[in-house]
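Subject: Structure handover

Dear colleague,

Here is the structure that I promised to pass on to you.

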Amino acid sequence: SHHFTTNKITNFFIKVSHAITKKMFCADVSTIISIMRARDAGKIIVIYPEGRLTCSGHSVQVTDGTAELVKKLGIDVYWITQDGAYKSCPKWGGLKFRKGKVLVHGGKLFDKDEIKDLTLDEIRAGLEKAISHDEDKLFTDVAYRSKAPAKGLDGILYKCPVCGSEFRTMSEGDRLWCSDCGAEWRLDEKYVLTGPVFDHINAWYDWQEEQIDTSVPMESEVTVMSPGPDGFLVKDAGHGTFRVNRDSIDFNGTVFGEPLEFSEKTSVVSAFPASVGDHVSIYSKRVLYYMCPEPDRRETVKWVQYLDRVTKERTGKV
């Protein structure tokens, strides 16, 4: 993802490794050109077709345009999955690794001669089937060692299934609880929840998305982070109002001391890459903006789920 170039340390490694960066969920012709050049030079091209790390360890839809790229490249396609990778380092867990089991699988998906006769829908379906996984159903008898297995889980499980309150869950050690009604859960090292309603993270996470009513816009005050003139991220670049509805994603505020207003269609920006408990990211006119909801940055995941819900409704996958 191109956003890694805004950090001086990761930018260095991207340059020395000759990685091809992509501005996520926006048109980025330079990426396609770089990929085609790599193909013509006989290089192996590695693509992450979901375009983001998932919050719950369940695969998401393949990014729009991936099937078209496979068709255009016209080369052999292989798949690789890392089962257990989410459990060893969940996105909500603060980048703390948990000792457990990870298995890497791979195989051939499409032959270059076969691709010529496949439709885009067939390619897309093949890609989604190849990467489809649900970590709650993998390695259910394996413990992933952690002194605090539930810490950070309130960053993605924000809605209490007992009383319905939002952003009142708290986590510490192996405990997750609602500060409004007092409902409590325990998460063990095998990722099993003990408590009311749900016994797995994904079931709770999916339920939250189902509760979202996309006929009601979502709006929040945000702090904005954005790259400065040197290309590196400025953490307090501006402030404003961030809003999303079924049709558009809108911002109105001030960035780098200048008024800024933009609107992007949800049919184009179909998902939010995000950092749990901190921000969602979006490009407008090829400029990167991190939107950090205030006062509770845990609202980030609700933004993610809102747009995921909109995209599923638009594509008929609800």
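**Aromatic pairs**

The count comes to 11 aromatic pairs, where rings of Phe, Tyr and Trp (its six-membered ring) pair if their centres lie within 6.5 Å, and planes under 30 degrees apart count as stacked, over 60 as edge-to-face and the rest as tilted. One of these is F198 with W207, a tilted pair because the ring centres are 5.7 Å apart and the planes stand at 50°. F198 is buried at 12% relative accessibility, and W207 is buried as well, at 19%; buried means under 20% relative accessible area, exposed over 50%, and partly exposed in between, with a 1.4 Å probe and protein chains only. F262 and Y289 make a stacked pair, with 5.5 Å from centre to centre and 25° between the planes. This pair links distant parts of the chain, since F262 belongs to strand β10 (residues 258-265) and Y289 to strand β13 (residues 287-294), 27 residues apart. Helices (H or I, at least four residues) and strands (E, at least two) are DSSP runs, numbered from the N terminus. Both partners are buried, F262 at 8% relative accessibility and Y289 at 8%. W185, F198, W204 and W207 come together in one aromatic cluster.

Before going further, please keep in mind that this is a predicted model, in which local features need pLDDT of at least 70 and side-chain atom pairs count only at pLDDT 80 or more, while totals for chains, interfaces and linings use all residues. Residues are numbered from 1 along each chain as its sequence is written, and side-chain values use heavy atoms, with hydrogens and water left out.

A charge also meets a ring: the charged end of R175 sits over the ring of W177, 4.2 Å from its centre, the rule being that NZ of Lys or CZ of Arg is within 6 Å of the ring centre and within 35 degrees of the ring normal.

Helix α6 (residues 120-131) has 12 residues and reaches 17 Å from its first C-alpha to its last, close to the 16 Å expected, where the expected span is 1.5 Å times one less than the number of residues. Its buried residues are I123, G126, L127, A130 and I131. Seen down the axis of α6, these buried residues fall within an arc of 115°, so they line one face of the helix; the arc is that of the directions from the helix axis to the C-beta atoms. D121 and K129, on the other side of α6, are exposed. The buried residues of α6 pack against α3 (66-73), β1 (77-83), β2 (103-110) and α5 (112-115), with contact meaning heavy atoms within 4.5 Å.

In α3, the buried residues are T66, A67, L69, V70 and L73. They fall within an arc of 160° when seen down the axis of α3, and so they line one face of that helix. Their packing partners are α2 (29-40), β1, α5 and α6. Just after α3, G74 takes a positive phi of about 60°.

**Nonpolar cores**

A nonpolar core is a set of buried Ala, Val, Leu, Ile, Met, Phe, Trp, Tyr and Cys residues joined through side-chain atoms within 4.5 Å. The largest such core has 55 residues, and those with the most contacts inside it are I156, I201, F242 and M291. Helix α8 (residues 300-315) gives the most to this core, with six residues. Leaving aside neighbours within four places in sequence, I156 is in contact with C55, W92, I201, Y205, Q208, V276 and V301. A second, separate core of 10 residues includes V70, V77, F110 and I123.

**Backbone details to check**

Most residues other than glycine have a negative phi, and most peptide bonds are trans. F139, although not a glycine, has a positive phi of about 50°, and F167, again not a glycine, has a positive phi of about 60°. F139 is found in the loop between α6 and β3 (169-172), and F167 has its place in the loop between α6 and β3 too. F139 counts as buried at 15% relative accessibility, as does F167 at 15%. A cis peptide bond, with omega of about 5°, joins E294 and P295, and P295 lies in the loop between β13 and α8.

With best wishes
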